[in-house]
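The notes below are kept in the order in which I worked.

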Amino acid sequence: MQEYWELYMKNLEGKPASIQFNAGISMDIEELQYSYPIVAFVKVKLKEPNEHSLLGEHEEPEILFMEDKLEASLIKFRIGKYVGRIISDGHVTFLFYVQFTYNWQDFLEFALDEFKSYEISNGHQEDREWNYYKKLLYPTPKEWQLIQNHKVCDVLKTKEDNLHLARAIEHKLFFSNGDEKKDELVSKLDVKGFKIQSEIENEEGVKGLKFYRLDKPFYHDIDELTLYLIDLLEEYGASYDGWETSVVKS
């Protein structure tokens with residue numbers, strides 16, 4: 001089972017939420033659903049949440065230490081898998097999928113013995129379809145795009161790029177259900193100031209287009225642009241496949 005973690009922000013019941021989840025576990029989810037059919041949680045009330053009711057910098061070390069203790073206890077009792085955490089509305093919720101619950105209290109006592117000053121609740125229920133992982137932790141296609149946007153922006157920053165300067169940003173799309181609406185889409189892109197660079201084809205033979213426009217790749221700007229493109233392309237039977245640009249330092 002591969003393990004790699006992703007962190008992103010989303011709106012959860014009208015409030016900002018920080019989501020960190022094990023993305024690698026999704027590759028083995030069918031097998032894991034059978035072995036770990038119970039979702040379990042530990043919910044902790046933060047003592048010093050920040051102005052957005054998220055985790056504040058002063059409390060972060062203690063919460064991360066608690067997370068480490070929970071993972072260590074999970075291994076000690078061989079009870080299940082840690083799949084992610086949600087920080088929102090002044091609380092942090094750690095989520096697990098477990099095989100059984102007969103030693104759940106032993107797991108909790110070992111993990112949380114040093115955190116008696118915190119207000120903590122816990123629970124578990126059957127979730128054979130892993131709906132909490134799929135629908136709560138796992139990003140939507142749009143949220144995945146935002147994650148990728150910010151990764152590219154972070155790389156550009158390490159190269160001393162001035163993200164506020166406009167430059168040619170190249171995008172790719174592929175036609176999900178044939179390219180019957182290609183001409184209509186090309187016309188729409190032209191109206192919006194995009195220029196078609198070339199026709200492309202992926203390894204599966206699916207046809208697409210590479211196109212570009214002068215834009216700023218700063219976080220909020222590129223998020224707004226890519227979310228717009230995702231919605232636009234969907235209208236014409238196409239799917240968005242990311243962007244790239246050159247480094248501009250001044």
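**Entry 1: the model**

I noted before anything else that this is a predicted model.

**Entry 2: H6 and H7**

I reminded myself that two packed helices are described by the angle between their axes and the distance between the axes. I looked up helix H6, residues 182–191, and helix H7, residues 219–235. Their axes come within 11 Å and cross at roughly 150 degrees. Angles over 145 degrees count as roughly antiparallel, so H6 is roughly antiparallel to H7. I wrote down the crossing of H6 and H7 as right-handed.

Which residues make the contact? On the H6 side I listed Leu185, Lys188 and Leu189. On the H7 side I listed Tyr228, Leu229, Leu232 and Leu233. Sorted by class, the contact of H6 with H7 has six nonpolar residues, one charged residue and no polar ones.

**Entry 3: H5 and H7**

I then turned to H5, which packs against H7 at an angle of about 145 degrees, with the axes 10 Å apart. The crossing of H5 and H7 is right-handed. From H5, the residues that meet H7 are Lys142, Gln145, Leu146, Asn149, His150, Cys153, Asp154 and Lys157. From H7, I found Tyr219, Ile222, Asp223, Thr226, Leu227, Ile230 and Asp231. The class count for the contact of H5 with H7 is six nonpolar, four polar and five charged.

**Entry 4: glutamine 145**

Is glutamine 145 buried or exposed? Its relative accessible area is 11%, and buried means under 20%, so glutamine 145 is buried. Leaving aside neighbours within four places in sequence, I listed its contacts as Thr226, Ile230, Tyr240, Gly242 and Trp243.

**Entry 5: aromatic pairs**

How many aromatic pairs does the structure hold? I found 19. I looked at the pair of phenylalanine 21 and tyrosine 138, with 5.7 Å centre to centre and 75 degrees between the planes. This pair is edge-to-face. Phenylalanine 21 is in strand E2, residues 15–22, while tyrosine 138 is in the loop between helix H4 and helix H5. The two are 117 residues apart, and the pair links distant parts of the chain. Phenylalanine 21 counts as buried because its relative accessibility is 0%. Tyrosine 138, at 27%, counts as partly exposed.

I looked up another pair, phenylalanine 77 and phenylalanine 110, with ring centres 6.1 Å apart. Their planes are at 75 degrees, so this pair is edge-to-face. Phenylalanine 77 belongs to helix H2 and phenylalanine 110 to helix H3, 33 residues apart. Phenylalanine 110 has a relative accessible area of 36% and is partly exposed.

I also noted a cluster linked by ring pairs: Tyr8, Phe21, Tyr97, Trp130, Tyr133, Tyr138 and Trp144.

**Entry 6: leucine 55**

Last, I looked up leucine 55, which lies in the loop between strand E3 and H2. With a relative accessible area of 17%, leucine 55 is buried. I checked leucine 55 against histidine 91: they are 36 residues apart in sequence, yet 8.1 Å apart in space, C-alpha to C-alpha. With neighbours within four places in sequence left aside, leucine 55 is in contact with Leu46, Asn50, Glu60, Ile63 and Ile87.

Notes
Residues are numbered from 1 along each chain as its sequence is written. This is a predicted model: local features need pLDDT of at least 70, side-chain atom pairs count only at pLDDT 80 or more; totals for chains, interfaces and linings use all residues. Side-chain values use heavy atoms; hydrogens and water are left out. Axes are lines fitted to C-alpha atoms, for helices over the stretch in contact, and angles run from 0 to 180 degrees between N-to-C directions. Helices (H or I, at least four residues) and strands (E, at least two) are DSSP runs, numbered from the N terminus. Angles under 35 degrees count as roughly parallel, over 145 as roughly antiparallel, 65 to 115 as roughly perpendicular and the rest as oblique. A crossing is left-handed if the near helix is turned anticlockwise from the far one by less than a right angle, and right-handed if clockwise. Contact means heavy atoms within 4.5 Å. Ala, Val, Leu, Ile, Met, Phe, Trp, Tyr, Cys and Pro count as nonpolar, Asp, Glu, Lys and Arg as charged, and the others, Gly among them, as polar. Rings of Phe, Tyr and Trp (its six-membered ring) pair if their centres lie within 6.5 Å; planes under 30 degrees apart count as stacked, over 60 as edge-to-face and the rest as tilted. Buried means under 20% relative accessible area, exposed over 50%, partly exposed in between (1.4 Å probe, protein chains only).
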